[in-house]
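Try each task before you read its solution.

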Amino acid sequence: MGLLVFVRNLLLALCLFLVLGFLYYSAWKLHLLQWEDSNSVVLSFDSAGQTLGSEYDRLGFLLKLDSKLPAELATKYANFSEGTCKPGYASALMTAIFPRFSKPAPMFLDDSFRKWARIREFVPPFGIKGQDNLIKAILSVTKEYRLTPALDSLRCRRCIIVGNGGVLANKSLGSRIDDYDIVVRLNSAPVKGFEKDVGSKTTLRITYPEGAMQRPEQYERDSLFVLAGFKWQDFKWLKYIVYKERVPFPKQGQVQAVSSR
């Protein structure tokens with residue numbers, strides 16, 4: 001009996017030693033990585049493969065944003081009056097902030113999505129890799145997946161994104177919001193009952209499954225539903241809705257695997 005107690009205590013001590021050693025090693029590695037990040041030069045490249053300067057982060061985004069326009073934009077758009085449309089301005093400014101920005105990448109997928117090699121190279125949320133068959137099945141029955149012809153024909157579209165926070169409460173900005181050509185709302189941002197403050201018009205409602213409205217009557221009939229898919233289950237979720245399929249109840253182990261992602 002004495003030998004068993006000794007072995008047990010030895011194993012417990014060994015386990016404690018290993019845990020402490022692992023924690024110490026992890027803390028040391030984290031400190032080392034932080035030191036390397038603060039002292040190393042990370043090169044970033046634009047969409048043409050040109051090296052970006054140190055003012056850009058490793059992903060290619062401008063590190064410091066301010067209200068000053070780049071010189072080339074300030075010269076090109078200097079003569080535009082306040083409030084007028086500036087064709088090409090948004091794309092040019094986005095390119096200045098994020099030189100790796102690629103305008104040809106489509107906002108809305110249609111039945112020609114297979115030709116977009118750029119987005120087919122990456123898994124969600126950066127692309128649609130591995131989702132080809134699901135997307136093809138969805139698009140085969142969703143005939144309307146673009147802006148209306150009236151909006152598409154506009155030379156310059158004025159857009160506004162209405163968030164979900166309470167900052168609009170009691171501001172009576174509903175009529176000004178509705179004056180925009182395109183009104184974008186996110187997830188389950190409510191409209192009914194709040195028209196005076198948030199407006200009544202919805203052109204696009206961009207959402208992901210977890211943030212979507214749960215009842216069909218909550219969606220505006222004239223709006224375009226846009227799925228922001230950031231994981232493979234999102235496309236399967238949309239297919240269930242489009243085909244009105246019953247969602248299979250996953251096993252307990254599968255639920256745990258999904259929730260741990």
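Buried means under 20% relative accessible area, exposed means over 50%, and partly exposed lies in between (1.4 Å probe, protein chains only). The model is predicted: local features need pLDDT of at least 70, side-chain atom pairs count only at pLDDT 80 or more, and totals for chains, interfaces and linings use all residues. Residues are numbered from 1 along each chain as its sequence is written, and side-chain values use heavy atoms, leaving out hydrogens and water.

**Exercise 1. Classify Cys 85 and Cys 156, then count the disulfides.**

Step 1. Cys 85 has a relative accessible area of 28%, so it is partly exposed.
Step 2. Cys 156 has 24%, so it is partly exposed.
Step 3. A disulfide is a pair of cysteine sulfur atoms within 2.5 Å. The structure has zero disulfides.

**Exercise 2. Describe the setting of Thr 207.**

Step 1. Thr 207 sits in strand 3, residues 204-207. Strands (E, at least two residues) and helices (H or I, at least four) are DSSP runs, numbered from the N terminus.
Step 2. Its relative accessibility is 2%, so Thr 207 is buried.
Step 3. Contact means heavy atoms within 4.5 Å. Beyond neighbours within four places in sequence, Thr 207 is in contact with residues including Asn 187, Phe 225 and Ala 228.

**Exercise 3. Find the largest nonpolar core.**

Step 1. A nonpolar core is a set of buried Ala, Val, Leu, Ile, Met, Phe, Trp, Tyr and Cys residues joined through side-chain atoms within 4.5 Å.
Step 2. The largest one has eight residues, among them Phe 113, Ile 135 and Phe 235.
Step 3. Helix 5 (residues 132-139) gives the most to this core, three residues.
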